[in-house]
Amino acid sequence: MSSTGSVRLFEIARARLKSARALLELAEFESKVLAIVDGATRGECTPAEAESALSGHLDARDALIKSMRAFDDEWVALAKSAELTEGDVAPLRAINAEMKSVLDAVGVRDKAFVRELKSRQRDASDGVKRAEAGATAQRAYSPAQETMQPRFTDKAG
């Protein structure tokens with residue numbers, strides 16, 4: 001029969017796996033976040049809206065990671081002290097194997113998402129540089145704009 005410690009290990013393992021699966025599901029929304037960022041570049045939404053979408057996505061991601069990490073200390077303590085039966089070991093290994101698989105998939109998605117965000121940041125930076133260069137050239141090659149001011153005025157005005 002499983003001990004109280006092993007039962008708790010299973011509860012924690014299942015809770016962590018649930019959070020990891022949710023993290024992978026959240027990654028499905030990354031293309032929508034990127035579309036909003038692209039929309040801000042095209043003027044379809046404001047930069048503040050794009051920033052809000054990205055921040056919301058990252059906040060949700062952080063919350064899921066925190067939920068997985070919330071049990072770290074308890075997990076370590078239970079892993080040292082729980083009395084596991086042979087019937088406990090295989091299911092725990094299966095949960096851990098699935099957890100590793102899910103987190104590996106999340107890692108691959110994260111790397112791709114970061115790459116896409118950096119690419120968009122580079123593109124935006126290049127666009128700003130081109131715009132600044134164009135404005136500088138415009139000022140350099142435009143005829144000087146003289147402001148029309150009266151040459152002589154009296155004390156009144």
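1. Glu30 sits in helix H2, which spans residues 30-41. The model is a predicted one, and the points below should be read with that in mind.

2. Glu30 is buried but forms no salt bridge. Its nearest side chain of opposite charge belongs to Arg109, at 4.3 Å.

3. Which residues does Glu30 touch, apart from its neighbours within four places in sequence? They are His57, Arg109, Asp110 and Phe113.

4. A search of the whole structure gives 1 cavity of 30 Å³ or more. The volume of the largest cavity is about 40 Å³. Glu30 is part of its lining, together with Leu23, Leu26, Ala27, His57, Arg61, Val106 and Asp110.

5. H1 has the largest share, with 3 residues.

6. The largest nonpolar core contains 19 residues, and Leu9, Trp75 and Leu92 have the most contacts inside it. Two or more residues come from each of helix H1 (4-27), helix H3 (47-69), helix H4 (72-81) and helix H5 (86-141). H1 gives the most, 8 residues.

7. Leaving aside neighbours within four places in sequence, Trp75 is in contact with Leu9 and Leu92, and also with Ile12, Ala13, Arg16 and Asn96.

How values were computed
Residues numbered from 1 in each chain as written. Predicted model: local features only at pLDDT ≥ 70, side-chain atom pairs only at ≥ 80, totals over all residues. Heavy atoms only, no water. Helix = DSSP H or I, 4+ residues; strand = E, 2+ residues; numbered from the N terminus. Buried < 20%, exposed > 50% of the residue type's maximum accessible area, 1.4 Å probe, protein only. Lys, Arg positive; Asp, Glu negative; His and termini not counted. Salt bridge = Lys/Arg side-chain N within 4 Å of Asp/Glu carboxyl O. Contact = heavy atoms within 4.5 Å. Core = buried A, V, L, I, M, F, W, Y, C linked by side-chain atoms within 4.5 Å. 1 Å grid on protein atoms, 1.4 Å probe; cavity = no way out; pocket = protein on both sides within 12 Å on 5 of 7 lines; lining within 4 Å. Points joined across faces, edges and corners; volume = space filled by probe spheres on them.
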